[in-house]
Amino acid sequence: MAEYQLTATDVVIRTEDGACIPNDPANRDRAEYEKWLEEGGVPDPYVEPEPVPPTATAEQTLLFEHENRLLALEGQPPLTFEDFFTKVNQ
């Protein structure tokens, strides 16, 4: 792990404490980062965060449970919420 990590913007993260360093030459932390780069430092690359799964509303939860009760009566396997959410939003 490097001392710094790139982000999707021009802000850099200092890994030691999670500080966000703006792209501002007057910023002392940015000056330290630029010096570190000049001395051969290589920051960790930007890592795309995992997508956040959709959050169900109360109505969607009720419909999901109802759909799975119907499937159970038909002898069918239940749907996962992700499959249900995809089916409803087609």
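Colleague: Why does the span of helix α2 agree with its 16 residues?

Modeller: This is a predicted model. At 1.5 Å a residue, the 16 residues of α2, which runs over residues 58–73, should span 22 Å. The C-alpha atoms at the ends of α2 are 23 Å apart, so the two values agree.

Colleague: Which residues of α2 are buried, and how do you know that they line one face of the helix?

Modeller: The buried residues of α2 are Q60, F64, E67, N68 and L71. Seen down the axis of α2, the buried residues fall within an arc of 95 degrees, so they line one face. An α-helix has 3.6 residues a turn, so residues three or four places apart point the same way.

Colleague: What is on the other side of α2, and what covers the buried residues?

Modeller: A58, E59, L62, A72 and L73 are exposed on the other side of α2. The cover over the buried residues of α2 includes α3, residues 81–88. After α2 comes G75, which has a positive phi, near 75 degrees.

Colleague: D83 is in helix α3. Why is D83 called partly exposed?

Modeller: Buried means under 20% relative accessible area and exposed means over 50%. D83 has 45% relative accessibility, so D83 counts as partly exposed. As for its position, D83 is 17 residues from H66 in sequence, and their C-alpha atoms are 14 Å apart in space.

Colleague: Why does Y4 count as buried?

Modeller: Y4 lies in strand β1. The cut-off for buried is under 20%, and Y4 has 5% relative accessibility, so Y4 counts as buried.

Colleague: With what is Y4 in contact, leaving aside its neighbours within four places in sequence?

Modeller: The contacts of Y4 include V12, I13, R14, T15 and I21, and also E32, Y33, W36, P43 and D44. Y4 and E16 are 12 residues apart in sequence, with their C-alpha atoms 8.0 Å apart.

Colleague: What makes β1 an edge strand?

Modeller: Three strands form an open sheet in the order β1-β2-β3, with antiparallel pairing. β1 (4–6) and β3 (19–21) each pair on one side only, and they are the edge strands. Direction ignored, neighbouring strands of this sheet are turned by 30 degrees against each other on average.

Colleague: How many bridges join β1 and β2?

Modeller: There are three bridges between β1 and β2 (residues 12–14), and the two strands pair in the antiparallel sense. Two strands pair if there are at least two bridges between them. The bridge partner of Y4 in β2 is R14. Helix α1, residues 28–38, packs on the sheet and touches β1, β2 and β3. The direction of α1 makes about 90 degrees with that of β1.

Colleague: Which residues of α1 are buried, and what puts them on the same side?

Modeller: R30, Y33 and W36 are buried in α1. They cover an arc of only 120 degrees around the axis, which puts them on the same side of α1. β1, β2 and β3 are among the elements that cover them. On the other side of α1, R28, K35 and E38 are exposed.

Colleague: Which residues make up the largest nonpolar core?

Modeller: The largest nonpolar core has six residues, namely A2, Y4, V12, I21, Y33 and W36. Apart from neighbours within four places in sequence, Y33 is in contact with Y4, L6, V12 and P43. In soluble globular proteins, nonpolar side chains tend to be buried together.

Technical notes: Residues are numbered from 1 along each chain as its sequence is written. This is a predicted model: local features need pLDDT of at least 70, side-chain atom pairs count only at pLDDT 80 or more; totals for chains, interfaces and linings use all residues. Side-chain values use heavy atoms; hydrogens and water are left out. A nonpolar core is a set of buried Ala, Val, Leu, Ile, Met, Phe, Trp, Tyr and Cys residues joined through side-chain atoms within 4.5 Å. Buried means under 20% relative accessible area, exposed over 50%, partly exposed in between (1.4 Å probe, protein chains only). Contact means heavy atoms within 4.5 Å. Helices (H or I, at least four residues) and strands (E, at least two) are DSSP runs, numbered from the N terminus. The expected span of a helix is 1.5 Å times one less than its number of residues. The arc is that of the directions from the helix axis to the C-beta atoms. Axes are lines fitted to C-alpha atoms, for helices over the stretch in contact, and angles run from 0 to 180 degrees between N-to-C directions.
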